[in-house]
Structures are given as C-alpha cells and as structure tokens.
Amino acid sequence: MKRSPMPPRKTAMKSNAFARGERIEAREVTKIATKAAREKKHKCAVRSCRAEFVRPAPFVIWCSPECGAVLAMAKLDKQRQAAAKAERKERKEKLAKFKRKADHVADCQKAFNAWVRFRDRDKPCICCGRRAAAGSLTGGVWDAGHYLSRGSHPHLRFDERNVFAQLKGCNRPGGTTAASFRAGVIARIGLAAVEALEADNESRHYTVDQLIAMTAHYRKLLKDLKAAAAPAAGI
C-alpha cells in the first residue's frame, strides 16, 4: 500500500521549525563569540602605558580613567592643531590675494636661493674656494651669489648657470673680484657655458602665475634633494 504524501501545511511547519532552530543556534554562537571578544585582553592605546586589560565595551581602548583622560587630551590637542593649520592656510590664501608681483618675485628668489645653497652644499665657495662649517647652509653663512648681478642682468636672476653658493663675505662689496668669480664659474661649468651665459641677453618677463609655479618647483626640488641626502647622512 502506497504511503500518501505529507500535507503541505505540515511540511511548511517543519521547515519553519528548522529555520527557527538555526536562528537560535546562530544567536548562541554570536553570544559566545561576543563574550570571548570581551574577555580577550587588549593593550592600552596610551603609548606610555600599553597595559593589558579586558574591554568592558568594544569602543573602550584605555585601561583606566587616567589613560582615558590622556587620550581625550591628545584628541583635543590634535583637533586644535588641525584648526590652527586650517586657519593659517585660510590666512595665507587671503594674504596671497593682496600680494604684489614684487612679492612673488621675492618668494621665488627665496626658494631658488635655498635650492642653490643646498645643491652646492658639498662644494666650496665659488670665489675663494674656502668651505664653511658643516651644516651651515642658511643665508647666515652662505649666500646664493649671482655671477652676473641681478641689478645689471635681472633676466638671469633665476638662471641656474648664473647662481652658486658663495660665502657671505665674498658676496659683499670688496669681498671678491670679478676675475676670481669668473674663474670659479669657469672651473665649475666650463668656459663655453660661461661665454654662452655672458652672451645671453634675452629678456624674461614672468607672470604672477609663472612665478608661483617656479616657487613651487624650486621648493619641491629642495625637498627632493634633502630627502635623497637624508639616507646618506644617516638621518
């Protein structure tokens, strides 16, 4: 005798009971996992502490009220620094709107001169051949000396062939002679390059946008040079 198939309602009830059992089992597994996670020891987020503790809640990353206060103060300090940085940036952008072209020329000259001094950090003074104390690359000891001066050759003020690290004393009136400066430049870049530089009378008229771009360019060159020099110096 053939057995009659189970009615659809009984099949659905059996299926629902099975699904309910799976949900209950999943909840129990989650409870066990949550309990295990809470009982797991974590290290305190305060670097000077790093004590192990059991978190009373997932968001707690400090082991004691004192460490919690340290973290809170550090977070406030970080927020203050970010706000101050944003304020400086906003002030800088506002001031930039009032800058004259001469101000942008000065900014570019400062960035260019800093790059020249660092570029020539391992070389002696272009005029006298002397060296200053190691690490003295600022304008306090070294200048970025223009072979053909900015006054008589303003179009060459940013020409890399024309500017070299020069001891401040040599870059003052009476500090050196044109002949010794020229001899130093010839020794550095060659006679042909010097003669080409001296024959260069093509005027350069920079726009404000060009000056801003040049300033950014030489700042990046300086940053890259320092980054490349840091491993060699053991920094």
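# A chat about loops and helices

Q: Where does Arg 50 lie?
A: Arg 50 sits in the loop between strand 1 (residues 41-43) and strand 2. Keep in mind that this is a predicted model.

Q: Is Arg 50 buried, exposed or partly exposed?
A: Partly exposed, because its relative accessibility is 41%. The cut-offs are under 20% for buried and over 50% for exposed.

Q: And Arg 55, where is that?
A: Arg 55 is in the loop that runs between strand 2 (52-54) and helix 2 (65-96). Arg 55 has 24% relative accessibility, so it counts as partly exposed.

Q: How far is Arg 55 from Cys 44?
A: Their C-alpha atoms are separated by 9.6 Å. Along the chain, Arg 55 and Cys 44 are eleven residues apart.

Q: Let's zoom out. How many helices and strands are there?
A: The chain has six helices and four strands. Starting at the N terminus, the order is α-β-β-α-α-β-β-α-α-α.

Q: How much of the chain counts as buried?
A: 25% of its 235 residues.

Q: What share of the contacts links residues 24 or more positions apart?
A: Take the contacts with a separation of 6 or more. Residues 24 or more positions apart account for 59% of them.

Q: Which residues of helix 4 are buried?
A: Phe 181, Gly 184 and Val 185. Looking down the axis of helix 4, the buried residues fall within an arc of 95 degrees, so they line one face of the helix.

Q: What's on the other side of helix 4?
A: Ala 179 and Ala 187 are there, and they are exposed.

Q: What covers the buried residues of helix 4?
A: The cover includes strand 3 (142-146), strand 4 (163-167) and helix 5 (191-198).

Q: At what angle do helix 4 and helix 5 pack?
A: About 120 degrees, with their axes 7 Å apart. That angle makes helix 4 oblique to helix 5.

Q: Which residues make that contact?
A: From helix 4, they are Arg 182, Val 185, Ile 186 and Ile 189. From helix 5, they are Leu 191, Ala 193, Val 194, Glu 195 and Glu 198. Val 185 is also one of the buried residues of helix 4.

Q: What comes just after helix 4?
A: Gly 190, which takes a positive phi of about 100 degrees.

Q: Switching to helix 3. What span should its 19 residues have?
A: They should span 27 Å at 1.5 Å a residue. The end C-alpha atoms of helix 3 are 27 Å apart, which agrees.

Q: Which residues of helix 3 are buried?
A: Among them are His 104, Val 105, Cys 108, Ala 111, Phe 112, Trp 115 and Val 116.

Q: What does Thr 215 touch?
A: Leaving out residues up to four places away in sequence, Thr 215 touches His 104, Asp 107, Cys 108 and Ala 111. His 104, Cys 108 and Ala 111 are among the buried residues of helix 3. Thr 215 itself is in helix 6 (residues 208-233).

Q: Why does Thr 215 count as buried?
A: Because its relative accessibility is 6%, and buried means under 20%.

Q: What about aromatics? Which residues form the cluster?
A: Phe 112, Trp 115, Phe 158, Tyr 206 and Tyr 218 form one aromatic cluster. Phe 112 and Trp 115 are buried residues of helix 3.

Q: How many aromatic pairs are counted?
A: Six.

Q: Back to loops. Where is Asp 122?
A: Asp 122 is in the loop between helix 3 (101-119) and strand 3. Asp 122 is exposed, because its relative accessible area is 56%. The C-alpha atoms of Asp 122 and Ala 165 are separated by 9.8 Å, and these residues are 43 residues apart along the chain.

Q: Last one: where's Ser 203?
A: In the loop between helix 5 and helix 6. Ser 203 counts as partly exposed, at 46% relative accessibility. Ser 203 and Pro 154 are 49 residues apart along the chain, with their C-alpha atoms separated by 8.4 Å.

Conventions:
Residues are numbered from 1 along each chain as its sequence is written. This is a predicted model: local features need pLDDT of at least 70, side-chain atom pairs count only at pLDDT 80 or more; totals for chains, interfaces and linings use all residues. Side-chain values use heavy atoms; hydrogens and water are left out. Buried means under 20% relative accessible area, exposed over 50%, partly exposed in between (1.4 Å probe, protein chains only). Helices (H or I, at least four residues) and strands (E, at least two) are DSSP runs, numbered from the N terminus. The arc is that of the directions from the helix axis to the C-beta atoms. Contact means heavy atoms within 4.5 Å. Rings of Phe, Tyr and Trp (its six-membered ring) pair if their centres lie within 6.5 Å; planes under 30 degrees apart count as stacked, over 60 as edge-to-face and the rest as tilted. Axes are lines fitted to C-alpha atoms, for helices over the stretch in contact, and angles run from 0 to 180 degrees between N-to-C directions. Angles under 35 degrees count as roughly parallel, over 145 as roughly antiparallel, 65 to 115 as roughly perpendicular and the rest as oblique. The expected span of a helix is 1.5 Å times one less than its number of residues.
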